[in-house]
Every structure is written in C-alpha cells, then in structure tokens.
Amino acid sequence: MEFSHESVMPNEIIDALKIQPEGIYVDCTLGGGGHSFRIGERLNSGGLIIGIDRDEDAISAATEKLSGLSCGIKIVHGNFSDLEKILDGLGVEKIDGVIFDLGVSSHQIDTAERGFSYMKNSPLDMRMDRSQKFTAADVVNSYGEEKLVRIFSEYGEEKFSKRIVKAIVAARKISPIETTGELVKIVEDSTPKISGGGHPAKRIFQAIRIEVNNELEILNRAIVSAVNRLKIGGRIAVITFHSLEDRIVKNTFRSLAQDCICPKNFPVCTCGHKAEIKILGKAKTATIDEVNKNSRAKSAKLRAAEKLGT
C-alpha cells in the first residue's frame with residue numbers, strides 16, 4: 001500500500017522553526033517526510049535533516065520522498081525517546097530545530113492489518129514499530145481489571161471504563177479477543193448509545209494505542225532532551241492531537257521556561273535555576289481552509305519555543 005499522509009499545519013511549522021539554510025533539523029516523527037521535505041526545500045547543501053521514525057513503512061516512504069533534496073539526509077529507524085543517543089551516534093552535538101508531530105498517521109489508520117482503526121476488522125496489533133513483540137492483543141487479554149480501567153480512564157478519558165472492562169474480562173474468559181471487530185462489538189454492547197457522542201470504541205482504541213506504544217510516558221523526557229541539544233536561538237515545534245499530549249507539552253514548556261523553581265514559600269531563590277526556553281506565543285490551531293481539506297487537522301495544536309542563552 002502506498003504511504004499516504006498529509007502533514008498538518010505545514011506553513012505554521014516552517015514559520016515556527018525560522019529555518020537557517022545551513023542548519024541541522026531533526027524530525028522526530030518523520031512519517032512520510034512531509035514536514036521534512038518542506039524544511040529541506042529551504043536548506044542548502046550545507047544543511048542537514050535527521051529523520052526519526054518507529055515505523056519501517058514510514059522510513060521507506062520518507063527515504064524516497066526526500067531523496068531529491070540538495071541538503072544532507074540522515075534517516076534513523078528508532079524512537080524519539082532515544083534522541084540524544086541517536087544524535088551522539090551521528091556525531092551531532094547541537095541542532096538548529098526539532099519537530100514532533102505526535103499521534104498516529106493516516107497511513108497507519110488506513111492500513112487495516114495494522115489494527116489502529118475501530119472501523120476496520122483486523123488483528124489487534126497497533127504497534128508503530130512492528131519489530132516490537134508487545135501488541136494490543138497483549139493489553140486486552142493479559143492486563144488485570146484495575147490496570148485496564150486506569151488505562152481507559154486516563155488515556156481514553158472514557159467514563160464507562162469499568163463497564164467496558166468487565167465485559168472484556170468476561171469475554172476473554174471464554175476465548176481470547178483477537179480482532180478489532182471483536183473488541184468493537186464488546187465496547188458497543190457494554191456502553192449506552194449517546195447521540196452525538198461519537199463512537200465509544202474511538203476512545204478505547206486511543207487508550208490501547210497509547211499504552212502499546214508508550215506514547216505519553218516518553219514525551220516529557222524527549223522534549224527535555226530536544227531542548228538540551230538545541231543551539232541558542234534554535235526552535236522546537238510540537239503538534240498534538242488530543243488534550244493528554246497537549247497538557248504534557250504545555251506543562252513541559254512552562255517548566256523549561258521558568259527561572260526560579262524554589263518552593264513558593266522560600267523568601268529568596270536558592271536553586272539558581274534559569275529558564276532554558278522562551279515560549280513563542282499561545283498554541284496555534286489549523287486554519288478553517290486546512291480543516292476543510294484535511295479533517296485530521298481539526299484537533300491539532302502547535303506549540304513552539306526558542307532556546308535561550310545561559
């Protein structure tokens with residue numbers, strides 16, 4: 001299947017990064033290479049793009065898409081949680097910019113056998129990196145009741161988590177739940193029909209996907225690592241698609257942009273902490289025109305910051 005994914009907020013990303021023609025830019029979620037291609041068009045032969053992705057389909061598609069650029073290209077099959085290790089391996093000390101375009105790609109959702117979509121019947125998979133063994137089937141069939149409730153409540157913000165989990169536990173006692181279709185049916189049968197509330201399986205699938213790929217646990221650390229490797233004046237841009245991601249990005253940025261971090265009741269600062277970044281305005285959202293052309297952009301938020309001197 002051809003890798004199809006339309007990058008969200010491409011113009012806003014370029015504006016946020018303030019591209020330097022000979023700069024080094026890291027795309028931590030390379031995908032099909034859409035954002036990297038636009039960055040690369042603005043680089044000369046002295047510039048470099050480093051693309052990181054867990055998905056080998058994305059690696060293949062991006063390698064082809066970026067092949068005609070005049071700048072240097074380094075593509076790594078890896079996890080952005082290992083950003084500093086990846087940069088060390090490439091001999092790169094500091095970078096001019098970094099982008100995170102979080103969430104799942106259109107290609108992953110549209111490829112039925114990947115198991116990301118609740119609208120397509122397929123094996124329960126949901127791995128962004130198919131070299132890992134842990135899948136959605138492991139979450140659904142092996143996690144205890146309390147752990148499943150917590151995941152569905154926290155990662156899916158599902159208010160009927162307990163009811164859904166009881167139905168899952170009852171079903172898997174009879175036989176393992178092996179397909180997305182089976183899981184969707186269980187969710188549908190155990191939740192009330194709410195007009196205009198969206199399909200209940202959407203939240204459950206989001207929660208399981210986040211758990212399988214450890215998406216939220218690694219985000220704060222990855223942002224801190226990225227800021228650590230930015231040159232003074234370098235930029236970081238992060239696109240999120242749901243409130244859980246955005247809250248982590250917002251709070252991490254706020255922490256990195258703060259000077260003193262002493263307890264509020266301290267009369268004098270003793271920590272000596274200095275702000276590492278300057279937040280570049282409020283979060284941006286996609287234009288109406290973009291949302292009309294690409295519905296995935298509807299929930300997107302872009303936050304950006306600039307590295308300060310110390």
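## About the model

The model is predicted: local features need pLDDT of at least 70, side-chain atom pairs count only at pLDDT 80 or more, and totals for chains, interfaces and linings use all residues. Residues are numbered from 1 along each chain as its sequence is written, and side-chain values use heavy atoms, with hydrogens and water left out.

## Overall build

Let's start with the fold. The protein chain holds 13 helices and 8 strands, where helices (H or I, at least four residues) and strands (E, at least two) are DSSP runs, numbered from the N terminus. Its radius of gyration is 21 Å, close to the 19 Å from the globule rule for 310 residues, so the chain is as compact as a globular protein of that length. That radius is taken over C-alpha atoms, and the globule rule is 2.2 Å times the number of residues to the power 0.38.

Along its principal axes, the C-alpha trace spans about 60 × 60 × 40 Å.

How much of the chain is buried? Buried residues make up 51% of the 310 residues; buried means under 20% relative accessible area, exposed over 50%, and partly exposed in between (1.4 Å probe, protein chains only).

## The cysteines

A disulfide is counted when a pair of cysteine sulfur atoms lies within 2.5 Å, and by this rule there are 0 disulfides. Cys28 is in none, as the nearest cysteine sulfur, that of Cys71, is 16 Å away. Cys28 is also buried, with a relative accessible area of 2%.

Cys260 is partly exposed, at 30%. Its sulfur is 3.6 Å from the closest cysteine sulfur, in Cys269, which is too far for a bond.
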